Amino acid sequence: MSATPVVPRPGSAESPAAPAAGLLGVPPRARPGWRVFPARVGAMCVVELQKLRHDRTELYTRAVQPALWLLIFGETFTRLHVIPTGGIPYLDYLAPGIIAQSAMFIAIFYGIMIIWERDSGVLPKLLVTPTPHSALVAGKAFAAGVKSVIQAVVVILIAAVLGVAMTWNPLRLLGVVVVVVLGSAFFSCLSMSIAGIVLTRDRLMGIGQAITMPLFFASNALYPVALMPGWLQAVSKVNPLSYQVDALRGLLLGTPSHLWLDFGVLILAALAGIAAASSLMGRLAR
Amino acid sequence: MTDRTGTDTADALSCTGLAYSFGGARAVDGVDLTVAPGEVFGLLGPNGAGKTTAIRAITTLLPVPAGMVQVFGLDVARERMAVRRLLGYVPQQLSADANLTGRENVELFARVYDVPRRERAPRIVQALEAVGLGDAADRMAGTYSGGMVRRLELAQALVSAPRLLILDEPTIGLDPIARTSVWDRLTEVRAATGMTVLVTTHYMDEADQYCDRLALMHRGRVRALGTPGRLKAELADRRARSGEADGPAPTLEDVFRHFAGSGLTDEQAGGEFRDVRNTRRTASRVG
């Protein structure tokens with residue numbers, strides 16, 4: 001067995017600019033274990049931002065639906081006064097719900113994206129890099145969060161234009177960012193988990209549509225939970241979207257909310273989602 | 001294990017009784033082979049022979065039991081992360097991200113291989129220049145031709161200075177000029193770095209010209225193993241012994257036909273359905 005590299009064949013190595021090995025001959029050193037996870041999450045978020053920088057169309061088209069919800073549904077119902085909102089205009093009440101909704105719609109798309117990446121070879125290639133499944137999933141989850149935060153900014157601006165009275169307290173807005181990121185992390189992991197179970201895009205699209213609707217309506221995004229029949233209240237109780245909306249309302253409007261509980265539930269949901277999606281990631285690789 | 005690799009005298013790759021089944025279909029059925037450091041090793045075989053499955057087992061994508069596959073002395077089942085640090089992988093599909101520039105595509109892989117920040121930019125430039133994409137670096141990968149995408153993927157794999165580069169049909173769907181260009185770049189980088197290359201291909205001319213040794217797979221097993229010259233000489237011998245020595249000297253294609261026979265239509269083709277699907281997808285994206 002020859003330990004020395006085989007001599008390159010004549011006829012193909014005569015190119016003028018045959019590069020000296022340079023850095024390509026030196027493997028990068030591994031990061032210490034605990035830094036791998038944040039580094040991978042950072043890498044995925046950077047990619048997301050780069051993509052958004054090249055093509056903002058999605059940002060604009062995705063702003064249409066929340067704008068219509070606020071403009072048509074919100075403006076109408078704010079005049080009807082049929083939904084008890086605790087004394088604030090319905091449009092104000094609705095705005096945090098729409099922020100959560102648009103973030104969820106973005107996040108739910110990530111399962112479809114990961115299947116597309118599996119089919120196109122992008123995912124297998126990433127799975128052959130020194131990236132644990134959990135770090136890859138968390139990276140995608142926070143990338144979804146990055147996108148959702150940008151989306152949330154757009155919705156907040158639209159709401160402000162429509163005259164919704166929201167806080168501009170930077171600390172509270174920071175809280176909004178955290179809540180949006182955690183919610184998106186959960187919903188993208190939910191979607192990626194289902195992707196890991198059903199494995200094809202067609203099945204996932206059907207399921208994605210079948211669950212986003214009930215997740216949205218069986219929550220406090222449009223109306224208080226107290227108005228719902230008992231069984232639906234139970235559904236809303238286990239729906240992380242409800243906690244996300246509750247926290248957003250508390251932070252943005254200063255309405256009575258359960259911030260500690262909300263943050264706790266959202267953190268646990270995000271962690272559980274990352275755990276579930278990463279344990280299913282191997283199925284997508286196979 | 002303190003060093004990144006086991007021992008420096010270890011084989012670049014060694015498979016011992018490598019086997020993998022999808023459901024009841026035995027895609028790889030006991031493959032034994034070793035690849036020496038610095039070698040360009042070609043894996044040939046008809047569709048459904050188990051080449052891609054073997055590669056997916058070697059690249060840690062498929063779970064295989066310990067003891068079956070070792071890369072530079074590291075067991076892929078036991079030291080998955082350490083093995084991945086030694087690998088560069090270019091899958092069959094054209095898998096660069098069309099929504100990023102060439103540079104950003106490579107940058108992602110520099111990041112996930114922990115290239116330190118100050119080294120990142122020069123390393124990315126070197127990887128792109130090594131594959132002749134220095135000038136196109138800031139164009140969106142979506143505007144690249146099929147051959148350029150392949151070279152970009154090569155840059156993505158090279159940025160981490162892999163010791164074992166694994167290419168699954170790197171020239172599938174490319175025109176002859178693009179094919180030559182991919183191989184020329186590969187040969188240059190290999191000459192400069194001394195890395196080992198494991199490649200699958202359907203093109204016998206490529207196997208003949210660029211591979212140091214070949215393994216011919218059929219129905220999940222290695223049917224023939226050796227240098228291209230040796231494989232051809234053996235077939236010539238065999239023919240001489242059976243008294244048909246008068247024909248022209250056998251080509252690698254004759255060797256392929258001899259071992260794979262009518263393999264293209266056999267019942268096992270169903271086992272690699274996914275392969276065909278992926279190839280079609282690739283074809284439609286290239287076209």
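How many residues of chain B are in contact with chain A, and how many of chain A with chain B? In this predicted model, 53 residues of chain B meet 47 residues of chain A.

## Chain A at a glance

Chain A is built from 10 helices and 0 strands. Read from the N terminus, its elements therefore run α-α-α-α-α-α-α-α-α-α. Along the principal axes, the C-alpha atoms of chain A fill a box of roughly 85 × 35 × 35 Å. Of the 286 residues in chain A, 43% count as buried. Among the contacts in chain A that link residues at least 6 apart in sequence, 80% join residues at least 24 apart.

An unreviewed UniProt entry lists "domain: ABC transmembrane type-2" for residues 57-284 of chain A. In the model, that span is 81% helix and 0% strand, and its end C-alpha atoms lie 29 Å apart.

## Helix H3 and its partners in chain A

The crossing of H3(A) and H7(A) is right-handed. On the H3(A) side, the contact is made by A:Gln101, A:Met104, A:Phe105, A:Ile108, A:Gly111, A:Ile112, A:Ile115 and A:Trp116. H7(A) answers with A:Arg201, A:Leu204, A:Met205, A:Gly208, A:Thr212, A:Leu215 and A:Phe216. By class, the contact of H3(A) with H7(A) has 10 nonpolar, 4 polar and 1 charged residues.

Helix H6 of chain A, residues 170-198, is another partner: the axes of H3(A) and H6(A) come within 7 Å and cross at roughly 35 degrees. The crossing of H3(A) and H6(A) is right-handed. H3(A) brings residues including A:Ala100, A:Ala103, A:Ala107, A:Tyr110 and A:Gly111 to this contact. From H6(A) come, among them, A:Gly183, A:Ser184, A:Phe187, A:Ser188 and A:Ser191. By class, the contact of H3(A) with H6(A) has 15 nonpolar, 5 polar and no charged residues.

For chain B, an unreviewed UniProt entry annotates residues 13-244 as "domain: ABC transporter". Over this stretch the chain is 40% helix and 25% strand, and the end C-alpha atoms are 38 Å apart.

Back to the interface, where 53 residues of chain B are in contact with 47 residues of chain A. Which elements of chain B give two or more residues to the side that touches chain A? They are helix H2 (80-86), strand E6 (87-90), helix H3 (102-112), helix H4 (117-130) and helix H6 (176-193) of chain B. H6(B) gives the most, with 9 residues. By class, the side of chain B that touches chain A has 25 nonpolar, 13 polar and 15 charged residues.

## A:Pro28, a residue that meets chain B

A:Pro28 sits in the segment before helix H1 (33-54) of chain A. Leaving aside residues up to four places away in sequence, A:Pro28 touches B:Tyr113, B:Asp114, B:Val115, B:Pro116 and B:Ser160. A:Pro28 counts as partly exposed because it has 19 C-beta neighbours inside 10 Å, while a residue needs 20 or more to be buried. A:Pro28 and A:Leu190 are 162 residues apart along the chain, and their C-alpha atoms are separated by 34 Å.

Most residues other than glycine have a negative phi.

A:Leu199 has a phi near 70 degrees, a positive value in a residue other than glycine. A:Leu199 lies in the loop between H6 and H7 of chain A. With 15 C-beta neighbours inside 10 Å, A:Leu199 counts as partly exposed.

In chain B, B:Glu169 has a positive phi of about 45 degrees, although B:Glu169 is not a glycine. B:Glu169 is found in the loop between strand E7 (164-168) and H6 of chain B. Is B:Glu169 buried or exposed? B:Glu169 is buried, because 24 other C-beta atoms lie within 10 Å.

Note on methods: Residues numbered from 1 in each chain as written. Chains lettered and ligands numbered in written order. Predicted model: local features only at pLDDT ≥ 70, side-chain atom pairs only at ≥ 80, totals over all residues. UniProt positions renumbered as here; feature names shortened; annotations may be inferred. Helix = DSSP H or I, 4+ residues; strand = E, 2+ residues; numbered from the N terminus. Contact = placed C-beta atoms within 7 Å. Nonpolar A, V, L, I, M, F, W, Y, C, P; charged D, E, K, R; others polar. Left-handed = near helix turned anticlockwise from the far one by under 90°. Axes fitted to C-alpha atoms, helices over the stretch in contact; angles between N-to-C directions. Buried ≥ 20, exposed ≤ 12 C-beta atoms within 10 Å, placed from the backbone.
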